[in-house]
Amino acid sequence: MTQESARSGGVWAIVVAAGRGTRFGTGLPKQYTPVAGQPLIGHTLSALCSHPGVRGAMVVLAADDAHWPGWDAMAGTPLLRCTGGESRADSVLAGLQALPDEVRVDDFVLVHDAARPNLRHDDLTALLERGRADPVGAILAAPVRDTLKRAGDDGGIDRTEPRERLWRALTPQLFRRLQLTRALESAREGGVAVTDEAMAMELLGMRPLLVEGDEENFKITTAGDLARFEFVLSRGPRDGATS
Ligand SMILES: Nc1ccn([C@@H]2O[C@H](COP(=O)(O)OP(=O)(O)OP(=O)(O)O)[C@@H](O)[C@H]2O)c(=O)n1
Ligand SMILES: C[C@](O)(CO)[C@H](O)COP(=O)(O)O
């Protein structure tokens, strides 16, 4: 199958890039921080859009964004853009509403953080294959590997918590357009601040599938995370990336 024919049956992605990056701690929103000659979001879009299963991407930007480079395609994949909201969930909802008409209500869509620049093609392939075969959808996630402590009010350890069956949610997350829209709207109406798409689905009683993803698909939250990504780049090209 050629890349073009794969794309025609591919999914649309929503890339949320309307955050402020307050924990990153510079004036510039972290998605625009320069890394190896391009803004961080360029690495994210390159890794995502070069996958043959991605048909197009809706990039969700802050209303006052003054840094978007104006790209209308990445790796031959069309890019559209829209304006996000106050919370990440609001931005995802804005992206879902702005998707083009060719995306039907029961089509699967991906949601990915602009702040996760190191997505591997193998992980995305697994997510698409297993998620589309699931009645609800799926997310990339990484098993918790550390020993977990429950703290008491005084900062002392109350107990050690079992880590088995605990996973850290990553992105992309894959759900059907209308079901995800309804789940996020329902959370908003209920005043629940959901931190990922799966949580909104869970609140409606659905059980998305966990697909194990690579630990290196980490989110850039602090300056230390950026240093880690720069180290990853220094080791050489990644699959799907242009730099
Ligand atoms: N209102 C928001 C908040 C977040 N995001 C996006 O969601 C992803 C994950 O956000 P996160 O890093 O948790 O939040 P930021 O707002 O970027 O950072 P911080 O919480 O430190 O301010 C990022 O790509 C961010 O741009 C968004 O599109 N709209
Ligand atoms: C969706 C998400 O990336 C899950 O890890 C999300 O952005 C997490 O937000 P957090 O505030 O950093 O937990």
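V15 has V59 as its bridge partner in strand 4. This pair is found in a predicted model. Strand 4 covers residues 54-61, runs parallel to strand 1, and is joined to strand 1 by seven bridges.

Both strands belong to an open sheet of eight strands with mixed pairing, in the order 5-6-4-1-7-11-8-12. Strand 5 (73-74) and strand 12 (209-212) each have a single partner strand, so one side of each has no neighbour in the sheet. These two strands stand at the edges.

| Helix | Lies across | Angle |
|---|---|---|
| Helix 3 | strand 1, strand 4, strand 6 (77-83), strand 7 (108-113) | about 145° to strand 1 |
| Helix 5 (residues 177-189) | strand 7, strand 11 | about 120° to strand 11 |

The model also holds ligands. Around ligand 1 there are 22 residues, of which V16, G19, T22, R23 and S91 come nearest. Strand 1 (11-17) and helix 3 (88-98) are the elements that give two or more residues to this shell. By class, the shell around ligand 1 has seven nonpolar, nine polar and six charged residues.

Which residues are around ligand 2? They are R88, D113, A169, L170, T171, T195, D196, K219 and T221. Strand 11 (residues 167-176) gives the most to this shell, with three residues. The shell around ligand 2 divides into two nonpolar, three polar and four charged residues.

Definitions and conventions:
Residues numbered from 1 in each chain as written. Chains lettered and ligands numbered in written order. Predicted model: local features only at pLDDT ≥ 70, side-chain atom pairs only at ≥ 80, totals over all residues. Near = placed C-beta within 6 Å. Helix = DSSP H or I, 4+ residues; strand = E, 2+ residues; numbered from the N terminus. Nonpolar A, V, L, I, M, F, W, Y, C, P; charged D, E, K, R; others polar. Pairing = 2+ DSSP bridges. Contact = placed C-beta atoms within 7 Å. Axes fitted to C-alpha atoms, helices over the stretch in contact; angles between N-to-C directions.
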